[in-house]
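Colleague: Could you walk me through how the pieces of this model pack together? I have a few questions ready.

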Amino acid sequence: MTDIEKARALLLSEKTTIALCRGEDILTSEKRGIAPMLGFIKDGVDLDGYSAADRIVGKAASLLFVLVGIKNVYAEVLSESGVAVLHANSIPYSYGTLCDRIINRAKTGICPMEQAVAGTESPEEAYAALVKKVEELRNGGTR
């Protein structure tokens, strides 16, 4: 079984929101949104060469995958802007459902993480913008 097949099987068979596999190394999380990836990056986890299976992948998650060196992506739901980032960075991807954009949890508009990275193609700038947006939301912003 390939790394992406293992990651996808973990995602689909458990309560995980993201599964990352590289050989025998497996990382999973049940946290929502981009929180798992932000946590792995903050903790300095080396994700270079991992395959990722995630519930929802938009531009924000795709830029984080590029930043850390993810080599293959499966998304249950993948946005057009996520496809563009993965394609531009030569990262193979597959998905269950393709959508125009990622909406917020209240289903009232665009996801705030997607808004935060709308103006950049730089993974480093995206990471900084996402950390800032998460902090704003923790301090009383709206989702």
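Modeller: Happy to! This is a predicted model, where local features need pLDDT of at least 70, side-chain atom pairs count only at pLDDT 80 or more, and totals for chains, interfaces and linings use all residues. Residues are numbered from 1 along each chain as its sequence is written, and side-chain values use heavy atoms, with hydrogens and water left out.

Colleague: Which residues of helix 2 are buried?

Modeller: Helices (H or I, at least four residues) and strands (E, at least two) are DSSP runs, numbered from the N terminus. Buried means under 20% relative accessible area, with exposed over 50% and partly exposed in between (1.4 Å probe, protein chains only). The buried residues of helix 2 pack against strand 1 (18–22), strand 2 (25–29), helix 3 (59–68) and helix 6. They are P36, M37, L38, F40 and I41.

Colleague: Are helix 2 and helix 6 roughly parallel or roughly perpendicular to each other?

Modeller: Axes are lines fitted to C-alpha atoms, for helices over the stretch in contact, and angles run from 0 to 180 degrees between N-to-C directions. Helix 2 (residues 35–42) and helix 6 (residues 123–138) pack at about 115°, with axes 11 Å apart. Angles under 35 degrees count as roughly parallel, over 145 as roughly antiparallel, 65 to 115 as roughly perpendicular and the rest as oblique. Helix 2 and helix 6 are therefore roughly perpendicular.

Colleague: Which residues make the contact between them?

Modeller: Contact means heavy atoms within 4.5 Å. On the helix 2 side, the residues are L38, I41 and K42. From helix 6 come Y127, L130, V131 and V134.

Colleague: And how does helix 3 lie relative to helix 6?

Modeller: Their axes come within 9 Å and cross at roughly 125°. That angle makes helix 3 oblique to helix 6.

Colleague: How many residues of the contact of helix 3 with helix 6 are charged?

Modeller: Helix 3 brings A60, L63, L64, V66 and L67, and helix 6 brings P123, E124, A126, Y127 and L130. Ala, Val, Leu, Ile, Met, Phe, Trp, Tyr, Cys and Pro count as nonpolar, Asp, Glu, Lys and Arg as charged, and the others, Gly among them, as polar. The contact divides into nine nonpolar, no polar and, for charged, one.

Colleague: Which residue of strand 4 stands opposite A52?

Modeller: Strand 3 (residues 51–57) runs parallel to strand 4, joined by six bridges; two strands pair if DSSP finds at least two bridges between them. Strand 4 (residues 72–79) is mostly covered, with six of its eight residues buried. Opposite A52 stands V73.
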